[in-house]
Amino acid sequence: MEILVCARRVPDTSENEIALNSAGNDIERDELVYSINEPDNYAVEEALQIAARAGGNVTVVTVGGEDDEEILRREMAMGANHGVLITDGAFAGSDGRGIATILKAFVQKGNYDLILTGVQAEDGAAQVGGMLAAMLDYPFASLVNAIEVLDGKKLKISREIEGGNKEMNEIDLPCVLSIQTGINEPRYVGMRGIRAVASVPIPTYGAVELGVAAGTVGEAAAKVKRVDYFVPTLGRGAEMLEGDREENIEKLLQLVAAKGGLK
Amino acid sequence: MVEGIQSAAQVTSWLVPGQSLFLVIHILGVAAFAYIVAKRLVPLVRAERDPRFDQPLARVGKVLKFWLGQWKHPRYRVAGIAHILIFAGFMLLAMRAFTVLIVGVHQNFVMPGLSGTAGHVYETVTDYAATVVFLCMVFAIVRRLVFKPARYVVPARYGKAHTADAVFLLALIAILMLADSLFEAARAAGQAQQGLPVELTTVLSLPWILKTALAATPLPMLGRLYFSAYLLHEVTFYFLLCYRPFGIQFHVETSLFNVYFAKLDKGTLKPVRWGVSDEHLDQVKSFGVKTFEDFTWKHMLDFYSCADCGRCSDNCPANAVGRPLSPRFITIKARDYAFQHYPMLGSAGNGKPLIGTVFSEDEIWSCTTCGACEEECPLLIEYIDKIVDLRRGMVDDGNVPQSLQKPLKALESRGNPYGKMEKKKADWANAKDFQQVCRVKTLNQENGADTLYFVDSITSYDDRMQSIGRATAKILDHIGENFGILGAAEKDSGHEVRRFGEETLFMALRDHNAEAIKASGVKRIVTADPHAYNALKHDYKDVPPVEHISQVIASGVKSGKIRFNPVENAKDVYTYHDPCYLGRHNQIYDDPRNVLDAIPGLKRVEMSRSRDRSFCCGGGGLMLFYEPKEEERIGVKRVRMAAEAGANVIVTACPFCMVNIEDAIKVAGLEGKMTAIDLAELADQQMARESPASEAAEAVELRPEYVTGR
């Protein structure tokens with residue numbers, strides 16, 4: 001099975017202190033450290049596990065700039081067979097639809113049975129996977145937390161629905177799935193693994209190679225535009241329960257039950 | 001040989017002359033033993049290299065102390081003394097055993113040098129030695145069967161009890177002693193009946209008692225007994241010799257070698273691959289131990305040498321709280337695997353990965369590398385290097401728990417496990433209020449210093465531990481040290497990164513820090529973190545000498561630079577908890593205690609487990625992120641030990657111990673009854689500051705956020 005994973009490099013939320021810049025139109029990016037978007041990492045791990053069970057290759061693709069090569073190397077160190085960087089000045093400022101348009105062009109140049117994305121990018125809007133499927137006229141399932149290959153043509157998948165429950169589906173190949181974190185336990189990649197793939201060439205594609213008309217992507221074609229960032233004002237502090245221990249336990253149980261935490 | 005009773009060699013039994021019979025037994029026995037040992041050596045030949053042929057004098061020293069001197073044994077009083085007696089008995093009986101064996105084929109053989117008086121003295125000694133060994137065997141069997149010491153118990157997950165095998169082996173030795181004594185007694189009884197001079201005069205020895213019992217036995221009967229005893233001795237001797245390599249008594253043969261080739265230094269780790277320099281490590285295809293053959297030959301010899309005494313696991317903190325780790329079974333399981341994988345007949349099959357079959361992942365991650373097992377092992381078996389090698393293998397395969405992946409990733413990108421910004425590394429020192437009390441320079445091209453205070457991640461970033469950093473800075477300031485910190489240029493020392501098997505990341509951290517330290521131009525390093533201390537001392541190369549703050553304070557006390565005010569509350573009882581990487585790994589036991597004892601009015605008690613038997617707090621560095629399966633926290637056990645000792649203040653000298661002990665005090669429900677304080681915090685709190693300048697400082701110091709300790 002040929003599997004494509006669409007990945008993205010984002011500021012690592014666990015290792016940065018995210019703050020707005022002085023203009024208020026972006027976050028302060030001076031001292032940020034980046035890593036692969038966490039759900040995308042789960043998608044790559046899942047792809048590797050499927051390939052290990054059912055055979056096939058895993059390709060990881062990202063739309064971005066030279067710096068984004070870093071995450072491709074990391075995923076290749078995990079075991080992905082190929083990494084592909086899609087980069088072009090004309091792509092800068094694309095909205096979700098633009099990114100999906102670019103990815104669609106790339107998918108059509110290959111022969112992929114299964115396309116995985118992370119459920120959403122940490123700085124994104126969880127839209128590219130669905131749009132890509134629609135543009136390709138492929139079936140799509142979101143929030144996937146288990147995949148079983150039934151035969152060469154079908155998958156049995158589980159989707160996470162409200163309250164941690166699971167919904168089981170069958171889906172025809174080729175298809176696009178957005179992968180939920182927790183579907184697996186991604187393997188560790190250290191510096192040593194990355195160093196081992198440091199000199200593997202990473203092919204790059206631009207608008208011309210993909211045959212993407214410059215007018216359909218990029219900032220000019222974007223129909224969703226970010227106009228502002230703001231930090232929500234702090235709400236009221238925690239609610240303090242008052243009373244003796246027994247009363248507090250009773251109140252706490254009621255509160256938790258009211259929020260659906262107890263059944 | 002005496003007349004009346006034929007020598008064993010002369011006897012003809014079932015038409016077979018004794019001499020021929022025994023010659024055949026000798027040849028068969030020796031050949032079988034040689035074959036078995038050769039088979040046992042096969043994996044050692046295939047193993048990874050391990051250069052242990054250096055420093056012969058130091059190694060002979062180890063042999064004299066730990067093998068001949070049985071140094072570790074008395075740590076377990078009863079079993080230890082019994083073992084020393086048995087060992088001494090075996091040593092004394094070795095030559096006699098040899099003589100007796102030869103007598104079977106060469107009747108008048110006398111060991112050169114042991115004729116006449118010397119021989120008589122030697123026989124007297126060995127008669128009693130055999131008696132003592134026999135009694136020790138009876139004692140050991142009774143102990144195993146009746147008293148059943150807890151450390152011999154085999155938990156269900158590790159298989160069946162080892163009692164039967166242990167008792168069988170003990171009984172064989174008892175039979176050997178009995179046969180040897182009977183052989184001598186029958187001869188002596190025969191001599192007595194014939195009115196010949198009796199050579200056996202060792203009153204109350206086993207041979208003497210048997211001789212006395214046999215006094216009325218008819219002569220022909222004695223002859224048969226004499227021959228049978230000899231035959232029994234022969235057969236038992238060779239059976240034991242050939243059976244020992246299959247179990248716990250192989251140490252009789254291997255211990256000498258195991259001790260001679262033992263690791264000579266503490267606190268260090270073996271490199272990923274001996275003989276491969278850091279620069280060439282990238283060319284090594286696989287890191288660490290994945291299959292059995294990835295162990296070094298010495299580590300395999302360790303497996304063979306284990307006597308199954310259980311002392312390691314009896315002292316293992318992970319084992320004590322029910323984590324899925326028992327050092328004893330690391331060895332036993334590896335040995336069982338080796339025996340099965342390298343069978344006596346046929347050749348070894350393809351090695352399977354050890355993780356998931358012989359060892360579990362959790363088992364290998366559960367180790368805190370505290371070193372209690374190694375400290376206790378009478379045979380000097382190593383564990384930490386093996387655990388780290390197994391971890392290296394798992395890291396290389398990407399097999400790392402999710403809980404550890406985040407801190408490792410943060411260490412890679414930010415140089416600390418918390419993912420905090422580099423520019424905030426010196427915030428603890430740069431707060432304005434603190435700068436008024438004690439100015440801490442950040443070293444760079446303009447700012448130089450003699451001494452570097454290496455702070456490390458936890459003390460830099462953790463709100464509670466920053467107090468240890470400030471106390472350390474104030475102490476250095478007080479003794480007039482020209483010191484500074486690296487600030488943002490300092491990355492994590494990498495001590496735990498290395499011990500968790502991430503060698504490549506460790507090397508990157510080490511190289512970065514070593515470069516920064518070199519650039520700072522300092523002449524020495526001080527740290528308050530024993531893990532950083534151990535890393536800088538043993539894992540780094542070409543950095544200036546490093547001292548732990550407890551050593552600095554102790555020498556300040558000695559030189560008179562530091563004097564202490566009396567303790568405020570004379571009712572407090574203090575106890576000192578030895579951090580593993582200060583104590584066991586670096587033998588700094590006395591300096592912290594000397595500091596405590598220099599504080600007027602301070603009452604100090606020792607916990608039952610202290611110094612080299614200190615009980616780990618639960619582990620530092622990345623172990624704080626790992627979520628082990630355990631019944632209880634290790635720290636809680638430790639805090640209870642302090643309470644049992646009658647202490648209400650636990651003094652430690654390591655920020656990780658502080659994390660674990662303070663948490664444990666809460667978990668144990670001892671909040672308000674027990675407190676923990678770092679040695680540096682205590683010293684800072686008690687230091688007598690006399691000059692007007694520092695009095696002013698003290699006034700500022702009373703601001704609650706900078707008052708250390710409570």
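Please keep in mind as you read that the model is predicted.

**Backbone features worth a look**

B:Gln55 has a positive phi, near 45 degrees, and is a residue other than glycine. Is B:Gln55 buried or exposed? B:Gln55 counts as exposed because 11 other C-beta atoms lie within 10 Å, and the cut-off for exposed is 12 or fewer.

Chain A has a positive phi to show you as well. A:Leu143 is not a glycine, yet its phi is about 55 degrees. You will find A:Leu143 in strand S7 of chain A, which covers residues 140-149. With 19 other C-beta atoms within 10 Å, A:Leu143 is partly exposed; a residue is called buried if that count is 20 or more.

Here are the two residues side by side.

| Residue | Phi | Other C-beta atoms within 10 Å |
|---|---|---|
| A:Leu143 | about 55 degrees | 19 |
| B:Gln55 | near 45 degrees | 11 |

Further along chain A, the peptide bond that joins A:Leu173 and A:Pro174 is cis, with omega at about -10 degrees. A:Pro174 sits in the loop that links strand S9 (165-172) to strand S10 (175-179) of chain A.

**Where the chains meet**

How many residues does the contact take from chain A and from chain B? Chain A supplies 16 residues and chain B supplies 20 residues. On the side of chain A that touches chain B, helix H5 (residues 191-196) gives the most, with three residues. Sorted by class, that side of chain A holds eight charged, five nonpolar and three polar residues.

**Inside chain B**

Chain B is split into three parts: domain 1 (12-253), domain 2 (278-399) and domain 3 (405-706). The centres of domain 2 and domain 3 of chain B, taken over C-alpha atoms, are 31 Å apart. Their contact draws 24 residues from domain 2 of chain B and 25 residues from domain 3 of chain B.

Which elements give two or more residues to the side of domain 2 of chain B that touches domain 3 of chain B? They are helix H11 (317-320), helix H13 (361-365), helix H14 (372-376) and helix H15 (384-396) of chain B. H15(B) provides the largest share of that side, five residues. By class, the residues on this side of domain 2 of chain B are eleven nonpolar, seven polar and six charged.

Notes
Residues numbered from 1 in each chain as written. Chains lettered and ligands numbered in written order. Predicted model: local features only at pLDDT ≥ 70, side-chain atom pairs only at ≥ 80, totals over all residues. Contact = placed C-beta atoms within 7 Å. Helix = DSSP H or I, 4+ residues; strand = E, 2+ residues; numbered from the N terminus. Nonpolar A, V, L, I, M, F, W, Y, C, P; charged D, E, K, R; others polar. Domains from an automatic or database assignment.
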